Amino acid sequence: MHISEGVLRPEILAGAAALTALGVAAGLRRIEDREIPAMGILSAAFFVGSLIHVPAGVVSVHLVLNGLVGFILGIRAFPVILVGLLLQALLFHFGGLTSLGVNTLNMALPAFVCGLAFGWAKKPETGRLTFTVAAFACGALSVLLSGLMVGLTLFLNGQAFVPAAKLMMSAHVPVMIIEGLVTASCLGFLKKVRPEMLTGPGPVKEADA
């Protein structure tokens, strides 16, 4: 789902970078010391999960895991995803430094929105089935929203990129299902062995702060 360097117009890159900077700043302000190890693990999971790419024109499809990150961290998904994308750009030339802002925004904003929407499922009293459905929806919808944002980004870049935008959306339909299953499985495991990772400060509290 990375957009390569040299594809987007400068004004799109600048606008996305500014919004990403705001999201990262908001996320950094809400980090607690006890959350840093979990954030490091999630950033590593995001980094590894995104390494296997299937090319799709000027973009590529892969596991994103932004729903998993957003469900656990909320707005703190912005710095976590930024670090993962930065390492991918530097080490493997996925995306690029000039497109780092727009790629981060396209993955981190859906993560935050879905984490906010499904944060209620983090309550200890939530039943297993309800939690699993919410976790699946969070993972799947995060990818859907990211695909929509990438498609919109390409559409705003010019009519010539409309076919690529349509390809992006169709290519991510199966990824949505896989992503939902992976997210539900990971979150279900964490709920069983490390429930404190899910019941800490959540997106709802952050939004009210």
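The legends below describe close-up views of a predicted model.

**View 1**
A disulfide is a covalent bond between the sulfur atoms of two cysteines. A search of the whole predicted structure finds 0 disulfides. Cys138, for example, takes part in none, and the nearest cysteine sulfur, which belongs to Cys114, lies 5.2 Å away. Cys186, with a relative accessible area of 31%, is partly exposed.

**View 2. The salt bridge between Glu11 and Arg9.**
The structure has 4 salt bridges by the rule applied here, and one of them joins Glu11 to Arg9, with the closest N and O atoms 2.6 Å apart. How accessible is Glu11, buried, partly exposed or exposed? Its relative accessibility is 47%, so Glu11 counts as partly exposed. Arg9, at 33% relative accessibility, is likewise classed as partly exposed.

**View 3. The salt bridge between Arg34 and Glu32.**
Here the side chains of Arg34 and Glu32 meet in a salt bridge, with a distance of 3.1 Å from N to O. The relative accessible area of Arg34 is 55%, so this residue is exposed, whereas Glu32 has a relative accessible area of 33% and is partly exposed.

**View 4. The salt bridge between Arg194 and Glu196.**
In this view a salt bridge links the side chains of Arg194 and Glu196, and the distance from N to O is 2.4 Å. Arg194 has a relative accessibility of 40% and counts as partly exposed, and Glu196, at 42% relative accessibility, counts as partly exposed as well.

**View 5. The crossing of helix 1 and helix 5.**
Helix 1 covers residues 10-29 and helix 5 covers residues 100-117, and their axes come within 7 Å and cross at roughly 55°. The two helices are therefore oblique to each other, and the crossing of helix 1 and helix 5 is left-handed. Which residues make the contact between helix 1 and helix 5? On the side of helix 1 they are Leu13, Ala16, Ala17, Leu19 and Thr20, and on the side of helix 5 they are Gly101, Val102, Thr104 and Leu105.

Terms used: Residues are numbered from 1 along each chain as its sequence is written. This is a predicted model: local features need pLDDT of at least 70, side-chain atom pairs count only at pLDDT 80 or more; totals for chains, interfaces and linings use all residues. Side-chain values use heavy atoms; hydrogens and water are left out. A disulfide is a pair of cysteine sulfur atoms within 2.5 Å. Buried means under 20% relative accessible area, exposed over 50%, partly exposed in between (1.4 Å probe, protein chains only). Axes are lines fitted to C-alpha atoms, for helices over the stretch in contact, and angles run from 0 to 180 degrees between N-to-C directions. Helices (H or I, at least four residues) and strands (E, at least two) are DSSP runs, numbered from the N terminus. Angles under 35 degrees count as roughly parallel, over 145 as roughly antiparallel, 65 to 115 as roughly perpendicular and the rest as oblique. A crossing is left-handed if the near helix is turned anticlockwise from the far one by less than a right angle, and right-handed if clockwise. Contact means heavy atoms within 4.5 Å.
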